[in-house]
Structure formats: C-alpha cells, structure tokens
Amino acid sequence: MTPNFLKVYAVTPPCGWCTSLLVGALALVLACSPPDRRSSEVAEDRTASLAAQGVAAAGAAAVADDGQWIMPARNFASTRYSGLSQITTANAGQLQLAWTFSTGVTRGHEAAPLVVDGTMYVVTPFPNFLYALDLTQPGAPLKWTYKPSPKLAAQGVACCDLVNRGAAYHDGKIYYNTLDAHTVAVDAKTGKEVWKTRVGDINVGETVTMAPLVVKGKVLVGNSGGEFGVRGWLTALDAESGKLAWRAYTTGPDKDVLIGPRFKPFYAQDQGKDLGVKTWPGDAWKIGGGGVWGWISYDPELDLIYYGTANPGPWNPDVRPGDNKFTAAMFARDPDTGEAVWTYQWSPHDLFDHDGVNELILLDLPIKGQTRKVLVRPERNGYIYVLDRATGEVLSADPYGYITTTTGIDLKTGRPIEVPDKAPQTGKVVRGICPAAPGTKDWQPASYSPRTGLLYIPHQNLCQDVQGTEANYIAGTPYVAAIVKMYAGPGGHRGEVTAWDPVARKAVWKIKEKFPVWSGTVVTAGDVVFYGTMEGWFKALDARSGKELWRFKTGSGIIGQPVVYRGPDGKEYVAVLSGVGGWAGAVVAGGLDVRDSSAALGFVNAMKDLPQATTKGGMLYVFSLP
Amino acid sequence: MRTSVLILTVLVSLFGCEREERNLQGIPQSVASGMPPVRQTELQAGPTVRDAGTYSPYEGNAYAVSQGKTLYNQFNCSGCHFQGGGGIGPPLMDSEWIYGSDPENIFETIVEGRPNGMPSFGGKIVNDQIWQLVAYVRSMSGLLRKDVAPGRSDDMQVRPQEQATQKARPVQSAVPPSAERQ
C-alpha cells in the first residue's frame, strides 16, 4: 500500500500532465484519459488509507481526514466515523443551515450523499435519479442529472417503499443500483452512463435497493425480495465493463453458494455438504429468500468481504422445516473469486423475518487482554454480536433491546436459545413477540468512534402479534403467509439511540424517541453524533454523554444517512436527506390506510400517528457553523 | 304461392340457423365481449353516452363475496394490499381510486394489470373468480350492501369488518401515489 501511495503523491501533483504525455507517447489509448486517471488514482489511495484507518480504528486517535465521503459507510470498515473536528461539542449549538436541494421525489430517502472532489452526488428513491451538485459554487448548483428510467412495474415488487440506500465512488465513476434490478456506472464528471447491467428479474420479485461496494475493481451488488420468494445472491461485476465476475447464491448446492475447499465455518451446524439444499424441504430453497440488501464491509489485510443474508421465505416458518441455510446468516468471502471462507447463521430457521443484513463494523478490540480482529454486529434479533472476523467465532452476544423470543445465544453452538411459546404457527395468533419483524434494529446503520470507543446505534423498540396463514407461491407476488400487527415495546416509545461499549459489553447511554429511529448515525472527531427522527428533527448529541447539543426541524421525516465532509472552502459540513418513507414510514410515503393494522406487513399499526407528525417530500439539508 | 315460398326460404336462411343466445354461465366471457366501454374518465369525445349499467354479477351475492375474500388471500392480493390498508399496492378500503371504482374498472385492473406495479392476472384466474374478487374488493370500502359484505374474518382481527365499513364515496386519485414522473 505504502509504495503506491508515495508514487501517486510524488508524481501527480507537480507534473501530472508530463507523466501522462510520457505514458501517452507509449500508448495512445491511455493518452485519451489522463486527467480522469490521475484523480481516480488519488481517490483510490484515499480509499485504501481510509480503510486502513477504519480497521485500525480502535486504538488510533483522529487520523488526518481527506474530508470526502466516497462510499456508503465512509470506509471499508463501515465505521461511519469522520475525522473532521471543526464542529465540536462546544460549538455544535451554533450550527445553521448552509444550503438545501429538493430532490423532486417523495418516497423514502435512505441514501447517504457522496462527496468526491468538490462534488456531491445524491441518489433518490425510485425513479432513482442521480444528481451532481457543485460544492465549489455558492449554493451548490446542479451540475447534471442522470435518469436511469427504471421500469415502472418494479414498484409492484418492492416490499417496503421504493427506497435506495446510496452509491459508491470508484475510479471516476459513480456506481449504484436501480429498483428494477440494474446496476449502473455513471461518469462522475459528465453524468454520462458508462454501463448498465441487468442483475435481476422483477418478474420473480427481484429488486435492488442496496448501496454497492467497490472492492478490488469489483462492484458488489445483492438482491432484495425476501417477501417475494426470490433466491438471494451477491454478485460481483467488473467495475470497468459491468460484466459478471461471479455470483454467490445464498441457498442451493455448494457449487452455487461458492463453497469449496477454503470453506471453514467455525460451528458444527454450518459444516457439511450442500446444506443450502439439505436444510430445506424439497425444492423450497429455490424460492427461499436470503437476499443481500444490506451492507458489505471489507478487510484489506485478511482480504475478505463480509455481508449478511436476509430472511427466509415465506415468513410463516411452518412450511420450511429445517435450518434454511444460508438465510439470516453472514458470509466471509474472497473478493476476487467469491469463494466462501466462513459463514455464521444468526437465526437458523428464522421465525420472525429477522434478516441478517445489518452493518458489520470491523474493529480491532482488546478482548480478554488480547487485541482481536473482530466484527461487531447490532443484529436484528436483539443481540450485539462480536465475532472473530478471521474465523467466525462468536466472542460475545449481548441484548441491546427488549427480547421475549430468545433467552440468549449459546456460544458453544452459536445458536439462539429460543422460547418455544413465541414461535409463529399457521392459524394461531401468537402475541407479545419482541423484537418485532424489523427487529431491535433494521437496516439503519450505526457508527463507531475510535475516540470514545462507542457504537452509536439507531434502532427501534417494537413488539408484535403474528398469525401464520396458508402460503401460495405465485411468481412476482408476495410470498409471506403471515398476518402481523406491530406495536410499541415496553415504555411506549418506539425508537432509541443506544451508545454501546463493545468491550465492556454494555450500554453507556440511551436516548428515547417517539418513533423508530430509522435514520443512520454519524460520529465525528469533534465528538458529535448526528441522527434524524421520523418527525423531521435533525439532532446533534455529545458522543460521550448523549446530551442534546442542537436540533433543526427539516421538512419531512428523516430516514437518511447523515454524512460529514470538508467543503472546498475548508469548512466542515453535515449533510442529510430528509424525506420520510421506508418500511417504517410507508404509511406516509404510500398514503396507507391506518384502519388496517396489518398494512405494510403490520408496521402501520405501530405508526398510526405518523401522518399527523410529518408529510412526504425529499430534500437535502446541509449544515455548517456560521 | 311461389313468391311466399321464396320469401319463407329467404327468411329461414336469414334467421333459421340463428339460435337463441344463452350464456350458460350467466356472466360475460371477457371484458371485450359483454361489457359497456370501460372508461377511466368522465370526459367523452362527442355526445355523452350513458352506460347501460354494470354487468358485475355478484354485487348482491353474499356467498360470492365471501368466496372473493378467500380468493383475495389465496391469490396473494393481500400480500400487496393487505386487508385493505395497502403497503406495496395502494389501500383498497379508502375512497381513492387510481384506475376507477366501477366493477368493470376493477375487473380490467386485475386482468390487464396497471403500469405502476399491479401485475396482470389475465389468463391466470377464471373470469367467474375475478368477478368474485371484484365484488369483494368493492366491499372493502363499503361499496356493497351491508347484508352482502362479509361480517367476520377467519384470521386475526386487523381491521373493522367489511360489513361495518362506512361507504367511502369514490374519488379519483389525481396522481398514482407511487408514480413519480420519470
């Protein structure tokens, strides 16, 4: 890494053109693209150094920060930590609006804006516009708009509003996915489409809502559709051409799951041949779900990517006896070949739609006197897991919310200890299931500060009643077979922000919110945590105490991921998309009728008062100190 | 005499072979064959023609409506519209209709699908069952008589019964809620 780093900085700034001309004389092809190549190499190195910073985050204090935000979680370790420190706990109270931008779209805005080379890139929900805003000009005027024109029909197979979780930058291109299951590469300077690849089929219920990650020249993309009986996969596309490099299915025979000689899962339950077939009745694995719509992390030293797999389908567990591998699980894979290196299943035979796709934060933590390479996962089932990221061993799993469905995680077998009374059944109503289907935490990503050693976890406090129903698989229609009715958990509040110490394994402080906290968090070297509420408040907290420092009321509920960057003027900015929606906000974004408690998979019952608290409408808000 | 035979022959050849039309199922075979034109707008070009009324056969048939309710769940209508509150698809228990609330409109919506995500079920469900579905869907917002609409549910109670649902006077939804302009 270091020699490359030196090369770029030694050669390009003083005489980038001379070098390019020299190269150009040798090869005409290269001569056509010297400016692009130069900036992208720099960016690539920044990526690498950021990743290293994130991975080594645990011990390190604030490292020099390039002020950009080029991938969904800011770095490969997924810490969502910004090294900028102009905004501090002392001055955050003076934050004020710098500028805004209307997206013209009214569905749920879950994406993180990207900031690269003085330009901000914003991806909207369906119809998935990509806007480039010029940060070097006052008010950040629009540079260009890219419209991918996804198929309208895709709206009919998107389970939970028409969201998109953002883009990734690599080598002069912006990569993101469209609802109708395409991946696009767009030239970051011109807004012209470089390539567009169809990765899935809406006719079998496949959509793509996740933010891709680019690792070693491959764009990693996974499908959504666990409520439509899809067969989950993670796909690697060549970043230059968009051509398929590999695809790893979540279910099916080992050759499809890319399980080979390197596969060494830690627990006996995950060892054996073709478990992706044998742990299902008949051919149910072909429509068994296990999509990959969440987050991907990457450890450059171990050279492994990490990602989770979603719930098995249908929700009604009666029709799929067995462990349903490898749904509600996670994989460590080789990014070059896709080969599985290890797996771990959070919820074997998932009973509650507990997708295992949440973020995996890669940290080096002192555990029992040793520094361990771990990944930390605030899981949907209510436990925060700390796993050895080289082997897949669970080092700890502690509850961070109210749980009635399990009594703990057996660290010997890796399996949750289930409460049989809470298992849903066909034709029977089971009440008091906590956490509810969206879990203690859903997709909304946590952040981690190496300065405080704490995770800042946005999440919810929900329980539910469930009745299993008859399951009919009809391709392109939902495959859920459960009637659900959610409501607030103990205390009556539906959202929380928890600051969690992963070494001491306990919560340090908690903030209660009326509605689920469906936005991400971000934390800075100024020890300020930012997040948004579904009423529309954007808040700044003291990272050490949880004390509120500042708040601003945006136009709609916030479910986006805040980002922090340094503008071309040298100032620190905080940006967030406002625009309610997502599963939690579908009642507003989709104009649903609150008299039906089961609407939007039962989430509406818990959100009946949201239409009185906010209205829809997408808008970007950017804040700075005066 | 010869003239009358000729006239008779002509008449027989004209009408003799045409039998009385009997629709044994008592329902139209398709939208095209039996129904008045299906409109989604009040505006008509030229003189306004009043439609002759509906062909929907089950508007007053409690048994068929309850069959429709079963089919509504079995064909996964409930997967998107849930028990009327909506989710992936729009609510069906409220007053807003994007593509029309008349039985013929709903029949067409099911058969042909709609561009913003409603799948086409044409050729997948027999017409008789589609009409049962149509009647049930209309009962969800109280558009059927109370003694026809279902009064109980076999599953977990998640909404007021169709029978107890107040009639929601249909209004046309200006913009499909899910359709942003591309």
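## Ground rules

Two residues are in contact if their C-beta atoms, placed from the backbone, lie within 7 Å. By that rule Ile361(A) touches Ala77(A), Ser78(A), Thr79(A), Leu375(A), Val376(A), Ala446(A), Tyr448(A) and Leu455(A), leaving aside residues up to four places away in sequence.

The model is predicted: local features need pLDDT of at least 70, side-chain atom pairs count only at pLDDT 80 or more, and totals for chains, interfaces and linings use all residues. Residues are numbered from 1 along each chain as its sequence is written, while chains are lettered from A and ligands numbered from 1 in the order in which they are written.

## Chain A overall

Chain A has seven helices and 38 strands. Helices (H or I, at least four residues) and strands (E, at least two) are DSSP runs, numbered from the N terminus. Of its 626 residues, 60% count as buried. Buried means that 20 or more other C-beta atoms lie within 10 Å of a residue's own; exposed means 12 or fewer, and partly exposed is in between, with C-beta atoms placed from the backbone. Among contacts in chain A with a separation of 6 or more, 63% link residues 24 or more positions apart.

## The nonpolar core

The largest nonpolar core holds 219 residues. Such a core is a set of buried Ala, Val, Leu, Ile, Met, Phe, Trp, Tyr and Cys residues joined through C-beta atoms within 7 Å. Ile361(A) and Phe603(A) touch the most other members. Helix α6 of chain B (residues 127-140) gives this core its largest share, eight residues. In soluble globular proteins, nonpolar side chains tend to be buried together.

In chain A, four strands build an open sheet in the order β7-β8-β9-β10, with antiparallel pairing. Strands pair if DSSP finds at least two bridges between them. The edge strands are β7 (168-170) and β10 (193-198) of chain A, and each pairs on one side only. From one strand to the next, the twist averages 20°. Axes here are lines fitted to C-alpha atoms, for helices over the stretch in contact, and angles run from 0 to 180 degrees between N-to-C directions.

Strand β9(A) (residues 182-187) pairs with β10(A) over five bridges, in the antiparallel sense. Ala185(A) has Trp195(A) in β10(A) as its bridge partner. The two strands form a hairpin with five residues between them; in the turn, Gly191(A) has a positive phi of about 80°. Pro212(A) lies in the loop between β10 and β11 (213-215) of chain A. Pro212(A) counts as buried because it has 29 C-beta neighbours inside 10 Å. Its contacts include Ala168(A), Thr183(A) and Val219(A).

## The three-stranded sheet

Another open sheet of chain A has three strands in the order β25-β28-β29, with antiparallel pairing. At its edges stand β25 (429-433) and β29 (482-488) of chain A; each has a single partner strand, so one side of each is left without a neighbour in the sheet. Neighbouring strands are turned by 15° against each other on average, direction ignored.

Three bridges join β25(A) to the antiparallel strand β28(A) (residues 462-468). Val429(A) stands opposite Gln467(A) in β28(A). Ile483(A) is 271 residues from Pro212(A) in sequence and 32 Å away in space, C-alpha to C-alpha.

## The β30-β31 hairpin

Strands β30 (residues 495-501) and β31 (residues 506-513) of chain A pair antiparallel over seven bridges. Ala499(A) has Trp509(A) in β31(A) as its bridge partner. Four residues separate the strands of this hairpin, and Arg505(A) in the turn has a positive phi of about 60°.

## Helix α6 of chain A

Helix α6(A) (residues 582-589) is mostly covered: eight of its eight residues are buried. Among them are Trp583(A), Val587(A) and Val588(A). The buried residues of α6(A) pack against α7 (610-613) of chain A. After α6(A) comes Gly591(A), with a positive phi near 60°.

## The A-B contact

The contact takes 38 residues from chain A and 31 residues from chain B. On the chain B side, α3 (62-74) and α4 (77-81) each supply at least two residues. By class, that side has 14 nonpolar, 13 polar and four charged residues. Ala, Val, Leu, Ile, Met, Phe, Trp, Tyr, Cys and Pro count as nonpolar; Asp, Glu, Lys and Arg as charged; the others, Gly among them, as polar.
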